[in-house]
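Please read them with the structure open.

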Amino acid sequence: MFHRITSLTKTKDYVLFVGFEDGTYKQFDLKPLIAATPAFKALKDIPGLYGQGRIDRCGYGIIWNAELDLSGEAIYEQGTEIDLNFVMTK
């Protein structure tokens with residue numbers, strides 16, 4: 001099953017908040033990927049690249065450029081589920 005992404009919020013500290021079509025919201029910390037994967041290190045090394053992250057055209061991932069993307073499935077499976085109502089009231 002593919003989980004379609006419907007919303008994306010990026011924080012300054014490389015954490016993504018991602019909403020999915022089924023109503024689930026996940027928090028995904030990019031810092032471990034940045035530390036372990038040369039391709040993701042570019043998010044810190046190339047000025048402005050992180051801010052370019054967006055939902056791909058079909059909603060199945062987050063893309064930054066032609067070389068760098070992250071699948072929605074990885075975010076769904078590895079991200080931490082969050083209660084958006086709880087987050088919004090803090």
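**Notes on the model**

1. What covers the buried side of helix α2? The elements over its buried residues include α1 (31-36), β5 (61-65) and β6 (68-71). Helices (H or I, at least four residues) and strands (E, at least two) are DSSP runs, numbered from the N terminus. Buried means under 20% relative accessible area, exposed over 50%, and partly exposed in between (1.4 Å probe, protein chains only). Contact means heavy atoms within 4.5 Å.

2. On the basis of these notes: this is a predicted model, in which local features need pLDDT of at least 70 and side-chain atom pairs count only at pLDDT 80 or more, while totals for chains, interfaces and linings use all residues. Residues are numbered from 1 along each chain as its sequence is written, and side-chain values use heavy atoms, with hydrogens and water left out.

3. The buried residues of α2 are F40, A42 and L43. They lie on the same side of α2, because they cover an arc of only 130 degrees around the axis; the arc is that of the directions from the helix axis to the C-beta atoms. α2 lies across β5 and β6 and runs at about 115 degrees to β6. Axes here are lines fitted to C-alpha atoms, for helices over the stretch in contact, and angles run from 0 to 180 degrees between N-to-C directions.

4. F40 sits in helix α2 (residues 38-45) and counts as buried because its relative accessibility is 8%. Leaving aside neighbours within four places in sequence, F40 is in contact with L30, L33, I34, W64, L68, D69 and L70. One of these, D69, is 29 residues away from F40 in sequence, with 8.9 Å between the C-alpha atoms.

5. Next, the sheet beside this helix. Three strands form an open sheet in the order β4-β5-β6, with antiparallel pairing. β4 and β6 stand at the edges with a single partner strand each, so one side of each has no neighbour in the sheet. Two strands pair if DSSP finds at least two bridges between them.

6. In that sheet, β4 (residues 54-55) is joined to β5 by two bridges, and β5 to β6 by four.

7. β1 (residues 5-10) runs antiparallel to β2, joined by five bridges, and I5 stands opposite F20 in β2. β2 and β3 also pair in the antiparallel sense, over five bridges, with K26 in β3 as the bridge partner of V18. β2 is largely enclosed by the rest of the structure, because five of its six residues are buried.

8. Both turns here carry a positive phi. Four residues separate β1 from β2 in their hairpin, where Y14 in the turn has a positive phi of about 65 degrees. The hairpin of β2 and β3 has four residues between the strands, and G23 takes a positive phi near 90 degrees.

9. T24 is in the loop between β2 (15-20) and β3 (25-29). Is T24 buried or exposed? T24 is buried, because its relative accessible area is 11%. Beyond residues up to four places away in sequence, T24 touches V18, G19, Y76 and E81. The side chains of T24 and Y76 are joined by a polar contact of 3.5 Å. A polar contact is a pair of N or O atoms within 3.5 Å; within protein, one must be able to donate a hydrogen and the other to accept it, and residues adjacent in sequence count only if both atoms are side-chain atoms.

10. The structure holds two salt bridges, each a side-chain nitrogen of Lys or Arg within 4 Å of a carboxyl oxygen of Asp or Glu. D29 pairs with K31, the closest N and O atoms being 3.0 Å apart. K41 pairs with D45 at 2.8 Å between the closest N and O atoms. K41 and D45 both lie in α2, four residues apart, about one turn of the helix. K41 is partly exposed at 41% relative accessibility, as is D45 at 46%.
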